[in-house]
Amino acid sequence: MRHAEAMQTYRTQVDRHSALLACPNGFAARESEEHGHGVFTSHLLRGLRGEAADDNARVSFGHLANFVGQQGIQPPPVQLVQMWGPTTVLTQPPVSRHERQPLSTPANSGTTRPCKNPLDDLASSITQLLGRVFHSETLSAHRPRQIDHAERVEIIRYALDADSAAVVEFSGPGIRTVSSTPRFNKDQLRPLLELSAADATLARLSSPGHVVSDNGRRVLCVPLSYEDGRLLTLTVVDPALAPLDMGEPLAVMLQAIWSTNLLDDPLQAQMHVLTALRTTFGRLPTTLYEHAFSLYQKLIESMTMVFQPVVELDLRPAGVSIHSYEALARRRENEVRAPLTALQMAHVWGDRFIIERDALLLAKSIHSYAAADADSPWEGTKPLSINVAVRSLLSDSYITQVKSALAEANLKPRTVTLEISEQDAIQPGPGERWLQQPLAYFHHHLTTLSRELHICFAVDDFGVGYSSLARMAELPLTQIKVDRTVLHHPLAVEELGLVVRVARYASDRGEASSPRAVVVEGFDDEAPVTLKQIYDLGIHHVQGYFSGETASTSLRELSYAVRERVAATVRGEDDQHQAAAAAGGHRGARSAARGGP
């Protein structure tokens, strides 16, 4: 039973394997006093030692299974082959370097094999370590919450099957224990810790870690942080040899485990560890990559969509209203901050993760909004904005998801506006070639999508990332959303005025029936620009917590008191900061609460 956890990890995470089972389900395997263990095991070892070898002295899975099956075992063993076939070689005689090439070619003619990844040989060890960290009794016994140092150290000790573990501070000649498991004894380990301190202080954070050993004892030291001459180091005493043989990947994983909150959100924490490996080593083995993709799907699917109102400004209270909503992702409904770390992980993994993230969030947004709209207090459906990455709009699978979600929710396509973040570059992906200049190519693509899907497009986060007047002016957009960073620029009013002129450019030339709408995002009580200044520039749509209306899973009308305050502020009759405070302020939320898909 002590191996049950490892077996469960294998069952759920390894999707390419061949298995030879001692007996069918529901039967008992036979043991033998002569061999001192199971009859099946005895024949298995005989076969691996060479009795099941082919003419080249190689033992393949198929030969081994046939050999064991011919030994007359009752009940007979059972084969299970999943993707890895009978030709997989299990053992072979030692060969010289010159002889390895023909033996490394696929056994079946006409098959291909990808170039080997440096981490391929470690994939199983990495998977097992993840299993021990994120499926351990230490982790599963706690409800979601912040984790302290002592719990984190114990989880790492358990995962590495170590004697003890601690966080140790090296400061010059001084050695101080910050947190430790019960069996950690600094005095007994002092000679090893002093050796470790010398190497750690010299390398600081430039080395992922090192192992010191003496008299049969081993200490793994992984640097965590360095500040003011003090080096904080994770110290693991006598860890199991198998994970220790992983080397640098183990150190990278431990640093990532330490820097994340294991108990608050295990899904995101495990993705954080895998993302650290991806960032450090680039391409990961296929099994780990697919495992990460499955985890990321679950992480995104676990999020909740809330809707933040875009308020239409007016000089009269009766004219102040909710114009539209933006769908925002939250880990939990009552949280005000966007899960930016989880959302931005996708960019480390590439297009497949980005497109899947956007497709899942779009489907959740549309279905949740349709349900909220059905319970709204007004007639008709207000427009909804959903964030999308440039790479997603270039993906057929994402466009298929847009069509499917709209049809399933019975939502009119013109209700939806896809907001293209200015933080995404408009450029070909690796290996792609566009026959036109990027903006011209993307303009043509958006025009085609708009015609086929009957949805609208907007520029989001103008003022950050890849913002440019050409991008804003040349793309077929229905609105422009200005990031809050513009509000805090010394020339904020001038910049907003320029955006308004660009938004009116097409209509002024007679190329459009009306100017594009401009929406100022992230407006709050700290913004140095007033609502009156914004309104006087011709910007009549503002998004933020100034109205006192927080992002929610439900849709609600603005109270008359709020509309009256907003109108008074637009007329310049009330100080902006007092109005925001009276409306609820939500000083702690600010614009960090919005953002992300």
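Figure 1. At 39% relative accessibility, L315 counts as partly exposed. Partly exposed sits between buried, under 20% relative accessible area, and exposed, over 50% (1.4 Å probe, protein chains only). This is a predicted model: local features need pLDDT of at least 70, side-chain atom pairs count only at pLDDT 80 or more, and totals for chains, interfaces and linings use all residues. Residues are numbered from 1 along each chain as its sequence is written, and side-chain values use heavy atoms, with hydrogens and water left out. L315 belongs to the loop between β12 (304-312) and β13 (321-330). Helices (H or I, at least four residues) and strands (E, at least two) are DSSP runs, numbered from the N terminus. Leaving aside neighbours within four places in sequence, L315 is in contact with Y535, A567, V570 and R571. Contact means heavy atoms within 4.5 Å. L315 and Y535 are 220 residues apart in sequence, yet their C-alpha atoms are 9.1 Å apart in space.

**Figure 2. The protein as a whole.** The protein has 23 helices and 19 strands. Of its 597 residues, 47% are buried. Take the contacts between residues at least 6 apart in sequence: 69% of them join residues at least 24 apart.

**Figure 3. The loop between β11 and α9.** Two residues of this loop are shown, D238 and P239. The loop runs between β11 (230-237) and α9 (241-244). D238 has a phi near 50°, a positive value in a residue other than glycine. P239 has 1% relative accessibility, so it counts as buried. Leaving aside neighbours within four places in sequence, P239 is in contact with L160, D161, A162, R218, L220 and L244. Y158 is 81 residues from P239 in sequence, and the two are 9.3 Å apart in space, C-alpha to C-alpha.

**Figure 4. Helices α2 and α3.** Helix α2 (residues 39-51) packs with helix α3 (residues 61-69) at an angle of about 135°, and their axes are 9 Å apart. That angle makes α2 oblique to α3. Angles under 35 degrees count as roughly parallel, over 145 as roughly antiparallel, 65 to 115 as roughly perpendicular and the rest as oblique. Axes are lines fitted to C-alpha atoms, for helices over the stretch in contact, and angles run from 0 to 180 degrees between N-to-C directions. The crossing of α2 and α3 is right-handed. A crossing is right-handed if the near helix is turned clockwise from the far one by less than a right angle, and left-handed if anticlockwise. From α2, the residues F40, H43, L44, R46, G47, L48 and E51 meet L64, F67 and V68 of α3. By class, the contact of α2 with α3 holds six nonpolar, two polar and two charged residues. Ala, Val, Leu, Ile, Met, Phe, Trp, Tyr, Cys and Pro count as nonpolar, Asp, Glu, Lys and Arg as charged, and the others, Gly among them, as polar.

Figure 5. A57 lies in the loop between α2 and β4 (59-60). A57 is not a glycine, but its phi is positive, about 65°. At 38% relative accessibility, A57 counts as partly exposed. P75 lies in the loop between α3 and β5 (78-82). The peptide bond from Q74 to P75 is cis, with omega near -5°.

**Figure 6. Helices α11 and α13.** The axes of α11 (residues 266-281) and α13 (residues 340-349) come within 10 Å and cross at roughly 30°. That makes α11 roughly parallel to α13. The crossing is left-handed. On the α11 side, the contact is made by Q268, M271, H272, L274, T275, R278 and T279; on the α13 side, by T341, A342, M345, V348 and W349. Six nonpolar, five polar and one charged residues make up the contact of α11 with α13.

**Figure 7. Helix α10.** Helix α10 (residues 248-259) has 12 residues. From first C-alpha to last, α10 reaches 17 Å, close to the 16 Å expected at 1.5 Å a residue. The expected span is 1.5 Å times one less than the number of residues. Nine of the 12 residues of α10 are buried, so α10 is largely enclosed by the rest of the structure. The buried residues are P249, L250, A251, V252, M253, L254, A256, I257 and W258.

Figure 8. S365 is part of helix α14 (residues 351-374). At 1% relative accessibility, S365 counts as buried. Leaving aside neighbours within four places in sequence, S365 is in contact with M305, F307, A327, L384 and I386.
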